[in-house]
Amino acid sequence: MEVRLDNLSKHFPGVKGAPVVKAVDQMNFTIPDGKLVGLLGPSGCGKSTTLYMIAGLHKPTAGKIWFGDRDVTDVPPENRGIGLVFQNYALYPHFTVRQNITFPLENVRPKLEKTEMEQIAQEVANLVDIGNLLDRLPKQLSGGQQQRVAIARALSKRPQVLLLDEPLSNLDARLRLQTREEIRRIQRDTKVTTIFVTHDQEEAMSISDFIVVMRRGVVHQIDAPQTVYEEPVNLFVAKFLGSPAINIFDGELKNGRVLLHGNVYHKGLTSKGKFDFFDERIYDVAVEGGYNGTKADYFTSLGVEYVEEEPVVVEEEPKKKGIKEFFAKLAPKKKHKFVPKVIEGEVNLESIYEAIVGGGYRMTYGDFEEEVGKFIVEAGADRDVKIGVRPEAFTLDKNENPAIDVEVLYIEHIGRDITIVANVVGQKHRIRVIIPAEERHKVKDKVIKVYPKRFYLFDIDGSRIL
Ligand SMILES: Nc1ncnc2c1ncn2[C@@H]1O[C@H](COP(=O)(O)OP(=O)(O)OP(=O)(O)O)[C@@H](O)[C@H]1O
Ligand SMILES: [Mg+2]
């Protein structure tokens, strides 16, 4: 069964005046019939919310869900033909495995004979390899076996869509590997369209036909696992996939050239002069992230005075009783008692960040840089950029790409490879370089040159340049 999400959104009202949570925002994607799709992203990015909307447990704020040609947006969960498995197995403790598996079949109409139900239980139990455990109680099973009972139960009504929400996260490392292979096998055997939620990139990479990478309720990339790894659309995706993570270097875009310590990494980008850090849009970004100060406070931080525009005086007579409220409305709103910290020295992204963090801004520097980066990119100004190199994409041999000087801290041995852990000379980044163990002898000095065989270029807003 093909599953299609059409502009699907779920917004939760903010608690105690907090802003609305856009758990899922205008999501669009199609899962082809019979495929296994991994929904991947950091905690809180909206994976479960998406799954529960597909299951019918959450009503979307907007958008539609299609199963094939059927619009199921308003169809109750029990009529959608889905099987759902949660992270904690949620088995009935006083039921045997057999009863747990047949339970969803009790309300199938027309009613099934007991022998029919038991036959189905045996079939799906065999499928997940617990066919000999049907008379046991859940507490007499291991975690992996319990999870397989939950999967068998989800399969018992022959769902057209199987939804799995972090089904392996309660299992130990070995069982997790084993059960994930089994889920893959079961999926191939049954050809049921499956959506598998995980925040573990390796799990998603190994099990999925396609990966949907999400962040803060928004889809960033949908592709085959290898493509997401090799051709990430932006810095977030590049960093989220791969272990050890991609190495990042600070470069700068100056007069149309991307430089790292004076070495040219790219020519031919346009850039013109400096970005104006007094741009009011930075204030909006600050407020969006929780900054408590008024606009006047904010500009005081930057060392300039902000003059509020004269409020327009409304002609009509204020009502007797409401006179205070009337004038209160005209007065500019003071948000909080807050003493702005005035930036000493240069006004730049880092100093602005320091100032707004002091005033209640809650996001990381990276997030701030990315948000403001959108305007900086739009302005086409000279700016910082990031150069990304996967740990395995280095060589110690000179090649056409410019060298990067790194200071070796220590060396780790993993199987047939070694990992050089190093600091980038002149930068605050620590990197990992994976090379074959035979090349260990090439690491002679404290400071060595490493050469990317392949690199990515990212803009200050995280988008991929090259
Ligand atoms: N019922 C709710 N009311 C308000 N906010 C909610 C509700 N359910 C989820 N959220 C918020 O929506 C966002 C997405 O939550 P969701 O559970 O979908 O994340 P997730 O990707 O499954 O995370 P995890 O990996 O931690 O399970 C979060 O910010 C969460 O706090
Ligand atoms: Mg979740």
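## Around ligand 1

Ligand 1 is surrounded by Phe12, Val21, Ala23, Pro42, Ser43, Gly44, Cys45, Gly46, Lys47, Ser48, Thr49 and Glu166, each with a heavy atom within 4 Å of it. This is a predicted model, in which local features need pLDDT of at least 70, side-chain atom pairs need pLDDT 80 or more, and totals for chains, interfaces and linings use all residues. Residues are numbered from 1 along each chain as written, chains are lettered from A and ligands numbered from 1 in written order, and side-chain values use heavy atoms, without hydrogens and water.

A polar side-chain atom of Thr49 sits 2.5 Å from an oxygen atom of ligand 1. Polar backbone atoms take part too: one of Gly46 is 3.0 Å from a ligand 1 oxygen, and one of Cys45 is 3.2 Å from a ligand 1 oxygen.

## Helices H3 and H4

H3 (residues 114–127) and H4 (residues 143–156) pack at about 130 degrees, with axes 9 Å apart. H3 is therefore oblique to H4, the class left over once angles under 35 degrees (roughly parallel), over 145 (roughly antiparallel) and 65 to 115 (roughly perpendicular) are set aside. Ile120, Val124 and Leu127 of H3 meet Ala152, Leu155 and Ser156 of H4, contact meaning heavy atoms within 4.5 Å.

## Helices H9 and H13

H9 (residues 281–288) packs against H13 (residues 365–379) at about 155 degrees, with axes 10 Å apart. These two helices are therefore roughly antiparallel. Their contact involves Arg281, Ile282 and Val285 of H9 with Phe368, Glu371, Val372, Phe375 and Glu378 of H13.

Notes: Axes fitted to C-alpha atoms, helices over the stretch in contact; angles between N-to-C directions. Helix = DSSP H or I, 4+ residues; strand = E, 2+ residues; numbered from the N terminus. Polar contact = N/O pair within 3.5 Å; in protein donor to acceptor, adjacent residues only side chain to side chain.
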